[in-house]
Amino acid sequence: MKITGHHTVPFPVDSVWDALLDPAVLVRTLPGCERLVATGENSYAMTVSAGVAAIRGTYDGTCVLSDLEPHESLQMVLQGAGAPGTVDASVHVAFAPVDEGTRISYAADASVGGMVGGVGQRMLGSVSKRMAGEFFDNVAGALGAPTAASGGVAPGSSPTAPAAGTVFTPPPRPPSSQDFARGIAVGAGLVLLGVRAGRLLGRQG
């Protein structure tokens, strides 16, 4: 399955390039990424939670950045396997300065197996493009945050290569109104179960 697209990030090429090579940025901008573990130069073991349609699950795999042409292009190879199936993807990413910032073009050759492989290619392609857009929007958000301490990236700061075994995790996600509503629903369900159990016990007594 081949997927192509482009996205414009409102920051200069050097800042975008540095952000994509920074594992602390990758772990909080890759959709569903739960952890990255440095295994070598620009090479990581990763855990990602993702899904297509009703098929969701956790994948353990690897992310390797290679063929680096600074501020011009790189190759990203992703592999993952989990209960929903397997994913193998090779993505060529190119960078070009434009008036609006940086135009990022990508061309991916992906292979999907298992249950998730049974989903139609049109849906897989649509979901992949949406996730790519979300990823680049997240990168722009990280670059636009006020300071590195608050989750932002200082413009022009080149990341240093982490030591092998260094673990990167995203910051805790703030609770949303959906989580609050879900908590109320679960709590109400437990109360109803308690009332029902009390009635049954009362009848037996």
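Let's start with a pair: Arg130 and Glu134 join their side chains in a salt bridge, 3.8 Å from N to O. A salt bridge here is a side-chain nitrogen of Lys or Arg within 4 Å of a carboxyl oxygen of Asp or Glu. Side chains of opposite charge can pair when their charged atoms come close.

A word on the model. It is predicted, so local features need pLDDT of at least 70 and side-chain atom pairs pLDDT 80 or more, while totals for chains, interfaces and linings use all residues. Residues are numbered from 1 along each chain as its sequence is written, and side-chain values use heavy atoms, leaving out hydrogens and water.

Back to the pair. Both residues sit in helix 3 (residues 121–144), four residues apart, about one turn of the helix. Helices (H or I, at least four residues) and strands (E, at least two) are DSSP runs, numbered from the N terminus. Glu134 is partly exposed, at 34% relative accessible area. The cut-offs: buried is under 20%, exposed over 50%, partly exposed in between, with a 1.4 Å probe and protein chains only.

How many salt bridges does the whole structure hold? Two. One of them joins Lys2 to Asp109, with the closest N and O atoms 3.4 Å apart. This pair links distant parts of the chain: Lys2 is in strand 1 (residues 2–9), Asp109 in strand 7 (residues 101–113), 107 residues apart. Lys2 is exposed, at 66%. Asp109 is partly exposed, at 42%.

Last stop: Ser43, in strand 3 (residues 43–52). Is Ser43 buried or exposed? Buried, because its relative accessibility is 17%. Beyond neighbours within four places in sequence, Ser43 contacts Val37, Ala38, Cys63 and Val64. Contact means heavy atoms within 4.5 Å.
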